Amino acid sequence: MVSLELRDISKSFGSREVLSGINVLMDSGCLAVTGPNGSGKSTLLRIIAGLLAPTGGQVVLRSDGRPAPPELRRDLVGLVAPDLALYDELSAIENLRFFARVRGLRTADAELAASLEKLGLAGRENDRLGSYSSGMRQRVKCAFALLHDPPVLLLDEPSANLDETGAAALDSLVAEHRQRGIVVLASNHPAELRSGDCVLQLGD
Amino acid sequence: MPVETDLEPGRRPARPDVAEPGISPYRSLTPRSTVEMLARAAAVFRKDITSEFRTRYAVNAIALFAVTTLVAVGFAVGGVGISQPVQASLLWIVIYFSAMSGLSRVFVREEEARTASALRLAAAPGAVLGGKLLFNLVLLVSLEVVIVPLFVGMMHLEVSGWPLMLATLAAGSAGLAVTATVVAAIVSKANAKGALFAVLSFPILLPLLVGAIHGTQAALSSARFAAGMQDFKLLVSYTGVMFIVSLFVFRFIWED
């Protein structure tokens, strides 16, 4: 059982305050984060993922009621974001194999290939990422985020560059994940926002 | 900036009381032993080697610099009899600047290709440090395997004590690789990475370079290992201290 708590989160870049007074507590379901460009959606997701330190406040992830230490956060969180790239010079399956190994997972290649197939990349798993379209890369990023089956899934503009099939595959992944964990989804697309159980509106 | 939260607990689906078979999302994947950490560092090393073989990103930069410098030095002083201290200094100048041209790329490439975030999310800092350090060490040793015989040939170097020469090169390279790896992690987020890497590295590496030059000079002039023992000890101590310091500070450098 995992819960996510954001306690009075604020973030400033120089003198510009991007986020302030963000308070959230959730233990399941999907939180949709929306707001105009520059309102701090991506920043908030990076703070939750531990990639960015907040200026003030605290992110508390609890695993079985106990606050998870910072080094455990990478095990609890999966992130898909536009500014997160995988290795172009490696194939999709090599990327997943590498990230599985550095996480200490002994996932078999067949299992990795199956996860790519689920996202519509069957037959292309041995092609280098550099030869992929942006939509296909987005699918591999989804497979990367789900590789360790994290209880907290952070999706920043997840349907960007995805075609209808890709968007449908993503929808089913989100639906499946929210049944057994937490999804935080940052987007401005009305269709994606509808999948949220609750909405966090960031404003100017 | 005011924030509106609209949390509706009633709409949240209930979590299943029993996890699905085969799914254990809350288990810790943090390495529990040194062996496990080394296995993950090996994964980072294998990935970097594979990437390097496919892109020649660092090898090209280092090899071009090393060969150009060697040729320039060879033409400038090859026919002139120069003293052993100058020969030893020139060898380490070539090694140092060649290393500076390529060793930073191990982290710079991660930042420039925007893959650093994925690596930070997936890998423990110790595994990243171990893998990157091993990669830089292999790169530097490979460079020396080419540079040193070429330098010996072009400069008509007469090495009296090969065991001391090789030990000095090995210890000096290890220290250079450790320091360069940590400094590369520091500068990888900066704008003027190349200049900053050399500027930051030089004062830290100065004791190592002095020891390495003295050790090499001793190897040129004497067949006895004891002639360069003090310098060898200095190099080993320096490398050990830098390695231990890097183990403590790397997490903060990498994650902040």
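Two residues are in contact if their C-beta atoms, placed from the backbone, lie within 7 Å. Helices (H or I, at least four residues) and strands (E, at least two) are DSSP runs, numbered from the N terminus. Residues are numbered from 1 along each chain as its sequence is written, while chains are lettered from A and ligands numbered from 1 in the order in which they are written. This is a predicted model, where local features need pLDDT of at least 70 and side-chain atom pairs count only at pLDDT 80 or more, though totals for chains, interfaces and linings use all residues.

Q: What are the ipTM and pTM of the model, and in which element of chain B is confidence highest?
A: Let's start with the overall scores: ipTM is 0.92 and pTM is 0.87. For single residues, pLDDT gives the predictor's confidence from 0 to 100. Within chain B, strand 1 (residues 3–6) has the lowest confidence, at a mean of 41, and the highest, at 95, belongs to helix 7 of chain B.

Q: What is the mean pLDDT of chain B, and how many contacts does the stretch 1–25 of chain B have beyond near neighbours in sequence?
A: Chain B averages a pLDDT of 85, with 88% of its residues at 70 or more. Residues 1–25 of chain B fall below 50, and beyond near neighbours in sequence the model gives this stretch a contact count of 38.

Q: In what order do the four strands of the open sheet in chain A run, and which of them stand at the edges?
A: Two strands count as paired if DSSP finds at least two bridges between them. On that basis, four strands of chain A form an open sheet in the order 2-1-4-5, with antiparallel pairing. Each edge strand has a single partner, so one side of it is left without a neighbour in the sheet; these are strand 2 (16–26) and strand 5 (66–67) of chain A.

Q: Which residue is the bridge partner of A:S63 in strand 5 of chain A?
A: Strand 4 (residues 56–63) and strand 5 of chain A pair in the antiparallel sense over two bridges. Looking along strand 5 of chain A, you will find that the partner of A:S63 is A:R66.

Q: At about what angle does helix 1 of chain A run to strand 2 of chain A?
A: Axes are lines fitted to C-alpha atoms, for helices over the stretch in contact, and angles run from 0 to 180 degrees between N-to-C directions. Helix 1 (residues 41–49) of chain A lies across strand 1 (2–13), strand 2 and strand 4 of chain A, and its angle to strand 2 is about 55 degrees.

Q: Are A:V77, A:G78, A:L79 and A:V80 of strand 6 of chain A buried or exposed?
A: A residue is buried if 20 or more other C-beta atoms lie within 10 Å of its own, exposed if 12 or fewer, and partly exposed in between, with C-beta atoms placed from the backbone. In strand 6 (residues 77–80) of chain A, A:V77 and A:L79 point one way and A:G78 and A:V80 the other, and all are buried.

Q: Within what arc do the buried residues of helix 4 of chain A fall?
A: The buried residues of helix 4 (residues 109–118) of chain A are A:L112, A:S115 and A:L116. They line one face of the helix, because, seen down its axis, they fall within an arc (of the directions from the helix axis to the C-beta atoms) of 100 degrees.

Q: Which helices are among what covers the buried residues of helix 4 of chain A?
A: At the end of helix 4 of chain A, you meet A:G120, whose phi is positive, near 85 degrees. The cover over the buried residues of helix 4 of chain A includes helix 3 (92–102) and helix 5 of chain A.

Q: What is the phi of A:D149, and how many other C-beta atoms lie within 10 Å of A:D149?
A: A:D149 sits in the loop between helix 5 (134–146) and strand 7 (152–156) of chain A. Although A:D149 is not a glycine, its phi is positive, at about 50 degrees. A:D149 is partly exposed, and the number of other C-beta atoms within 10 Å is 19.
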